Amino acid sequence: MKLLYEGKAKRLYETERPDELLMEFKDDATAFNGEKKAQFENKGRMNQALSLLLMQLLEKGGVPTHFVRTIDEIRTIVKAVEIIKVEVVVRNVAAGSLCNRTWFKEGEALKAPVVEYFLKDDDLGDPMINDDHIRELNLATLHELAFLKSEALKINDILKPFFLKTGLKLVDFKLEFGRLSTDPSTIILADEISPDTCRLWDVSTGEKMDKDRFRRDLGNVMESYAEVLKRAEDAVHS
């Protein structure tokens, strides 16, 4: 199969169907816009398993996603989309860059979810942008942007109580959306949802169970990913 795209954590290949792609999860880990790199055995497998579990949960909640079917432990068939170059971040608790550019302290609960937008461009360091930038750059219409925000908040309303059921606090998370290749007027959730794209803290101990373990050299990266997956699977089957 022809490789169409390779990112930090995944590869995309064409298939025999123009409306479907094969997505392959990698064991690579990156941080700080690719400045820090490593590989972890089974990372791709665990991220795919959790991402698909959460995508199916969201589908049941009325959120359309790009998931079609699983091929094996690191590869899945997804709907072909044109990714919108706007990363949507939802924050429930202050952490990460929010603390670096405001007076919020890490761990401070927000009164209501905060939605932020970032330009999907590695060369520019994925800078934060606003509604007007998105309009002027022709990244999305204001109508589409309103949909992205409402869909992101809907996803938060589904994932936050689900993770709480697993004993994890959903601190924040990043989403990517795409326009269907067969119907560009239809926007669906794409990419992945995993400890690579979410901050997850243990409710009881406050322990970080996500990629911050790699960013901050906290150790036990894959042990934490495995624990998140186990808790999620247990919650689904309980």
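## Salt bridges, backbone, cysteines and a helix pair

Asn-42 is partly exposed, with a relative accessible area of 33%; buried means under 20%, exposed over 50% and partly exposed in between, using a 1.4 Å probe and protein chains only. This is a predicted model, in which local features need pLDDT of at least 70 and side-chain atom pairs count only at pLDDT 80 or more, while totals for chains, interfaces and linings use all residues. Residues are numbered from 1 along each chain as its sequence is written, and side-chain values use heavy atoms, without hydrogens and water.

**Backbone**

- Most residues other than glycine have a negative phi.
- Asn-42 has a positive phi, near 75 degrees, and is not a glycine.
- Asn-42 sits in the loop between S5 and helix H1 (43-60); helices (H or I, at least four residues) and strands (E, at least two) are DSSP runs, numbered from the N terminus.
- Phe-32, also not a glycine, has a positive phi of about 55 degrees.
- The loop that holds Phe-32 runs between strand S4 (28-31) and strand S5 (36-39).
- Phe-32 is partly exposed, at 47% relative accessibility.

**Salt bridges**

- Side chains of opposite charge can pair when their charged atoms come close.
- The structure has 31 salt bridges, each a side-chain nitrogen of Lys or Arg within 4 Å of a carboxyl oxygen of Asp or Glu.
- Lys-26 pairs with Asp-28 in one of them, with 3.4 Å between the closest N and O atoms.
- In that pair Lys-26 is buried at 7% relative accessible area, whereas Asp-28 is partly exposed at 21%.
- Arg-135 and Glu-136 form a salt bridge with an N to O distance of 2.9 Å.
- Here Arg-135 is partly exposed, at 36%, and Glu-136 is exposed, at 56%.
- Asp-191 and Lys-174 form a salt bridge whose closest N and O atoms are 3.7 Å apart.
- Asp-191 is in the loop between strand S13 (187-190) and strand S14 (198-202) and Lys-174 is in strand S12 (residues 168-180), so this pair ties together parts that are 17 residues apart in sequence.
- Asp-191 is buried at 13% relative accessibility, and Lys-174 is partly exposed at 21%.
- A network of salt bridges links Arg-91, Arg-101, Glu-116, Asp-172, Arg-199, Asp-212 and Arg-215.

**Cysteines**

- A disulfide is a covalent bond between the sulfur atoms of two cysteines.
- The structure has 0 disulfides when the two cysteine sulfur atoms must be within 2.5 Å.
- Cys-99 is in no disulfide, since the nearest cysteine sulfur belongs to Cys-198 and is 17 Å away, which is too far for a bond.
- Cys-99 is buried at 18% relative accessibility, and Cys-198 is buried at 4%.

**Helix H4 against helix H6**

- Helix H4 (residues 142-165) packs on helix H6 (residues 221-237) at an angle of about 100 degrees, and their axes are 9 Å apart.
- Axes are lines fitted to C-alpha atoms, for helices over the stretch in contact, and angles run from 0 to 180 degrees between N-to-C directions.
- H4 is therefore roughly perpendicular to H6, a label for angles of 65 to 115 degrees, with under 35 roughly parallel, over 145 roughly antiparallel and the rest oblique.
- Phe-162, Phe-163 and Lys-165 in H4 meet Val-228, Ala-232, Ala-235 and Val-236 in H6, where contact means heavy atoms within 4.5 Å.
- The residues of this contact are 6 nonpolar, no polar and 1 charged; Ala, Val, Leu, Ile, Met, Phe, Trp, Tyr, Cys and Pro count as nonpolar, Asp, Glu, Lys and Arg as charged, and the others, Gly among them, as polar.
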